[in-house]
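Me: Hi! Could you walk me through this one with me? I'll just ask things as they come up.

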Amino acid sequence: MLELSLFFILALFTLGGSITMVVSFQPLFSAFGFLIAMLGLAGLFALLNNQFLALAQIMVSVGAVVILSMLTIMTVNAQVQNLPKEPHKFIWLILSSFLVAPITVLIYTQLNTLPATLKGAETITAKVIGNALFTDWVFPFEIVSILLLTAMVGAIVIGRKHLLDTKACS
Amino acid sequence: MSTAAILIAVVSFVLAALLALLTIPVLVWLERRIASLIQDRLGPNRTNIFGFRLGGVVQSFADVVKLLLKEEYYPSHIKMGRWLFMLAPVITFSAALLAFMVIPFADTLVIEGEALRLQALPVSFGILWYLAIGAIGVLGVIFGGWLSHNKYALLGAARAGSMVISYELPLGLSVITFVMTYNTLDFNAMVQYQSGTFLGFLPAWGIIVQPLAGIILIISLFAETNRNPFTVAEGESEIVAGYMTEHTAMKFAMYFMGEYVAMNTASAVIITMLFGGYQLPYLSTETLTTHFTTFALAIMIVLPIFLTLFIRWMRKNNSVRKSVSSDGGRAFETKVLTVALITFGLVVEMLLLYLAFFAEEPLANALTIALFQLLVFVVKLMAFNIFFIIIRWTVPRFRYDQVQRLGWHYLLPLSLLNILVTALIIVGVGS
């Protein structure tokens with residue numbers, strides 16, 4: 001009973017935070033919603049008795065992603081009146097969520113069972129996850145790092161181009 | 001769960017909360033007194049309750065009352081998000097408080113075959129918890145600074161955020177080095193590793209086994225807690241009070257107390273990972289348990305000497321000049337404290353005498369050792385807090401670009417190199 005009520009509270013946090021993130025006009029409240037959603041998600045992991053995943057979730061999402069996005073928000077200083085006009089925003093949101101539903105189902109059917117390396121372990125510790133990442137899942141792991149590297153290089157190229165332009169002007 | 005387990009859990013939770021919260025007034029007092037001593041003056045020592053000054057600690061309680069009774073003022077230009085503006089200091093404060101909750105203050109107690117951790121939250125990923133929860137603290141700073149709609153506050157928040165991002169990397173990398181050395185993520189196991197010896201005769205403290213990573217860890221934690229020489233987020237000479245410019249009364253006090261709790265937590269993490277935690281060098285829990293009689297005798301000899309020295313020091317210093325007619329209750333305070341200290345010493349001596357020679361209670365012995373370890377922990381914690389304070393009042397502040405250069409150009413490559421060398425040594429020794 002306690003577990004179920006905790007689950008509902010945490011699910012409320014996650015869903016409410018996600019909805020706040022998408023709906024609010026102020027970027028700061030979006031970031032706050034994201035923070036709440038991530039904390040709720042970490043709480044759900046902790047409820048599944050997986051402390052490591054919960055802490056890693058907080059560390060990566062809150063410690064890195066939220067703070068970085070907050071920094072971006074502060075540098076950009078987006079005002080409500082400067083935002084682009086989106087009259088049918090919510091209709092588009094609902095339609096697009098129907099559009100991505102097949103992909104969601106696909107991901108769910110692929111990932112709702114744990115791989116054998118994780119199934120055998122009683123509790124999932126850092127060691128188990130490290131071993132799984134560097135043996136069975138080493139290919140996806142490397143692909144993801146290459147993807148991140150590409151994104152980083154792309155960001156630098158875009159930033160540098162802007163720099164070169166301003167130099168040419170002056 | 002047995003009764004003992006519930007009791008120990010409650011006791012360790014209360015202990016952790018007290019250690020985190022009751023140290024705030026003591027730390028504020030220490031900060032002001034040590035600053036005064038460094039600047040050749042006395043600092044707050046007049047505030048008293050019925051003549052009890054306790055060296056000036058009472059001043060901190062007076063400050064708390066003052067901050068509680070101050071006017072709650074809201075800047076009228078803050079139109080939306082007032083609730084988040086108010087919530088932001090609470091986020092910072094509670095994150096710092098929660099991060100303290102995984103520090104072990106004594107070794108695991110074994111009662112009726114059940115191993116009970118003396119740790120408020122029995123999380124076995126202690127260091128991950130500290131890194132995860134500690135990172136939330138800066139979000140309170142960023143929210144508060146952004147919602148103030150004030151250029152100083154915004155600059156302070158931006159500086160705090162960017163500094164946390166730059167110093168989280170060396171911090172995490174030096175933590176990885178320690179995780180590789182100790183082969184664990186658990187704070188208690190780290191302390192147990194450090195009770196051994198290194199090279200046969202040195203205590204296996206983190207700072208001796210991994211000096212470079214230890215220094216990087218200390219520097220990064222100084223930056224994480226926003227203490228001098230890294231106070232770029234609230235540099236008075238450039239951006240007034242930084243992110244807390246618009247916060248008044250209790251909202252300001254929350255930020256202020258959060259800083260001290262964060263400092264306390266950082267000292268606790270430093271002594272747990274680098275300075276043997278709750279253990280004295282060469283005296284592991286097993287050694288103390290097997291040689292309990294010797295240990296009790298040593299305490300019985302050291303305690304009276306220490307108390308005598310302290311009482312003499314207090315009687316000499318807690319007085320006024322001959323020319324001043326009224327001493328404001330100082331003689332009375334000295335008398336009461338002397339009696340209290342002598343009674344305390346006698347009670348401890350009697351208890352230890354009973355435990356050492358007449359009782360054969362392994363549980364009572366274990367509890368005594370846990371209390372001793374708690375005492376060692378508190379003494380080390382306070383020593384490191386004083387180190388933090390001395391650094392603040394002796395080292396000049398860094399400029400913002402110097403802070404960033406130190407993080408990215410020196411600490412980050414050094415910690416990466418350290419990881420490589422440590423990994424090579426571990427693989428070389430292992431194979």
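Me: Which hand does the crossing of helix 1 of chain A and helix 2 of chain A have?
Reply: That crossing is left-handed, a term used if the near helix is turned anticlockwise from the far one by less than a right angle. Helices here are DSSP runs of H or I with at least four residues, and strands are runs of E with at least two, numbered from the N terminus. Bear in mind that this is a predicted model, where local features need pLDDT of at least 70, side-chain atom pairs count only at pLDDT 80 or more, and totals for chains, interfaces and linings use all residues. Residues are numbered from 1 along each chain as its sequence is written, with chains lettered from A and ligands numbered from 1 in the order in which they are written.

Me: At what angle do helix 1 and helix 2 of chain A pack?
Reply: Helix 1 (residues 2-23) and helix 2 (residues 27-47) of chain A pack at about 155 degrees, with axes 7 Å apart. Axes are lines fitted to C-alpha atoms, for helices over the stretch in contact, and angles run from 0 to 180 degrees between N-to-C directions. So helix 1 of chain A is roughly antiparallel to helix 2 of chain A (over 145 degrees; under 35 is roughly parallel, 65 to 115 roughly perpendicular, the rest oblique).

Me: And which residues make the contact?
Reply: Among them are L6(A), F7(A) and L10(A) of helix 1 of chain A, and F34(A), A37(A) and L41(A) of helix 2 of chain A. Contact means C-beta atoms, placed from the backbone, within 7 Å.

Me: Switching topic, how many residues of chain A are in contact with chain B?
Reply: 19 residues of chain A are in contact with 24 residues of chain B. Helix 3 of chain A gives the most to the chain A side, with 13 residues. By class, that side has 16 nonpolar, 3 polar and no charged residues (nonpolar: Ala, Val, Leu, Ile, Met, Phe, Trp, Tyr, Cys and Pro; charged: Asp, Glu, Lys and Arg; polar: the others, Gly among them).

Me: What do the ipTM and pTM come to?
Reply: The model has ipTM 0.74 and pTM 0.84.

Me: How do strand 1 and strand 2 of chain B run?
Reply: Strand 1 (residues 106-111) and strand 2 (residues 114-118) of chain B run antiparallel, joined by 4 bridges; pairing takes at least two DSSP bridges. L109(B) stands opposite L116(B). The two strands of chain B form a hairpin with 2 residues between them, and E112(B) in the turn has a positive phi of about 50 degrees.

Definitions and conventions. Contact = placed C-beta atoms within 7 Å.
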